[in-house]
Amino acid sequence: MDQQPNVRIVLAKVGLDGHDRGVKVVSRALRDAGFHVIYPGLWQSPEAVVRTVADEDADWLGISLLSGTHMTLVPKILKLLADAGLTHVGVLVGGIIPETDIPKLLALGVSKVFGPGTPLPEIITYLRAEGSRTHA
Amino acid sequence: MLDDLLVRLGNRDRLALARVLTLVSRGEHLAAIRRAVAARPEGTPVVAITGNAGVGKSTLVGKLAEHLRTAGKSVAVLACDPQSPLTGGALLGDRVRMPSKPDDLGLFIRSVAAASGHQAVAEHVDLMIRVLAAFGFDVILLETVGAGQGDTAVRDLADVVVVLVQPESGDEMQWEKAGLFEVADVVVIHKADLPGAERMEAQVRELLSLPGCREIAVLRVSSAKGQGLDQLWNAIAHCPKRAGELEPAAQLLLRRAQQVLAERLHDRAGSVTPLVDRWKRRELDEAQAADELLHVLVD
């Protein structure tokens, strides 16, 4: 384990999107790379996701969206995070995101968007480089 | 930074609570945090839920938490899941089976990774419990990782240990081997809506009625049907204190003393290392070395 221990990441499925194969593959890859992955399950509301991030003191929130609702749900989650005093939490988005929406999401404050076909090591390398955000 | 955090914790700032639990789980600033939360307030019940993987611990913890919330009690849940001994990684998925009520501030759920070798609960869980009790939660539910043989640490951490079994899960010799009931204050036949629950209950009762067994409540509970939760909480709340053991306060002090010794062993490495070297060179026998070590640590 050459990385910082115990980087905590919440991986979330929000709304009615039930396609969880991708998020499960990423969960396993991150676990095997030494991360602590908190997966709260399908059909989470934005409020529930933010509550989970707060109570779990996560460094990162990864949102998996394959339903085309990203331009509605992601801004909502970012606002709720800010309202909750959680601006230090890095937000990643994965799933089916049209090329034209990626700059918009980044401009809103998303740290990185990982689309289909992203090699798993790319995500791991990115998170390792960024490290933990919660050291007091 | 830390002082500020601990002041916020004292002011019941929930984000500060979450961060302090992170520090505790990382083993950082333990002494300062311990001072800040003082002793666990008397009467904050700690209930451990244990049992084999897949028996329904998370689900039952979730149902119990909902039940307690309905009764007006605030609840903190510490849900332990295993951490890989190879990579240090962990997939913490207990929240999947627990209630998702973001507006309810009377419910706090925290997932913690338990390294192997820590007896099915995470390191420093005792201090996490104290932090949560000091924060003012009425009840603390501690979910262990799927327990196996000899995971008895929960017994020292919790006032009441609830052991879960399910129908069609081996015969009584399996449990005798596993020693699962040794730690139990309450035994729950979970998934009691499945066939075989009554026979299971009969087997458990027979086993527990053998000479030399303690008085242990046995209940059938179905989380799927929401049956038996009332009776379960009743059994937990009225569980008789364990006889023939140090009282919890004394155990707390003993554990605290052990932790102080461990911390000093680390802090005073300068004095400890030469002693260890002398022992390795056989200038001292083990008993003498241990004796001198105690002086180094206590003086």
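The model is a predicted one.

Start with the contact between the chains: on the chain B side 29 residues take part, and they touch 30 residues of chain A. Four elements of chain B each put two or more residues into its side, namely helix H1 (2–10), helix H2 (14–25), strand E3 (90–92) and strand E4 (107–114). H2(B) makes the largest contribution, with 8 residues. Sorted by class, the chain B side comes out as 15 nonpolar, 9 polar and 5 charged residues.

The two chains also share strand pairing. Strand E2 of chain A (residues 36–38) runs parallel to E3(B), with 3 bridges between them. Within this pair, Leu92(B) of E3(B) sits opposite Ile38(A).

Back to H2(B), the helix that gives the largest share of the chain B side. Its 12 residues should span 16 Å at 1.5 Å a residue, and the C-alpha atoms at its ends are 17 Å apart, so the two figures agree. The helix is largely enclosed by the rest of the structure, because 9 of its 12 residues are buried. The buried set consists of Ala16(B), Leu17(B), Ala18(B), Val20(B) and Leu21(B), along with Thr22(B), Leu23(B), Val24(B) and Ser25(B). After H2(B) comes Gly27(B), which has a positive phi near 75°.

Terms used: Residues numbered from 1 in each chain as written. Chains lettered and ligands numbered in written order. Predicted model: local features only at pLDDT ≥ 70, side-chain atom pairs only at ≥ 80, totals over all residues. Contact = placed C-beta atoms within 7 Å. Nonpolar A, V, L, I, M, F, W, Y, C, P; charged D, E, K, R; others polar. Pairing = 2+ DSSP bridges. Expected span 1.5 Å × (residues − 1). Buried ≥ 20, exposed ≤ 12 C-beta atoms within 10 Å, placed from the backbone.
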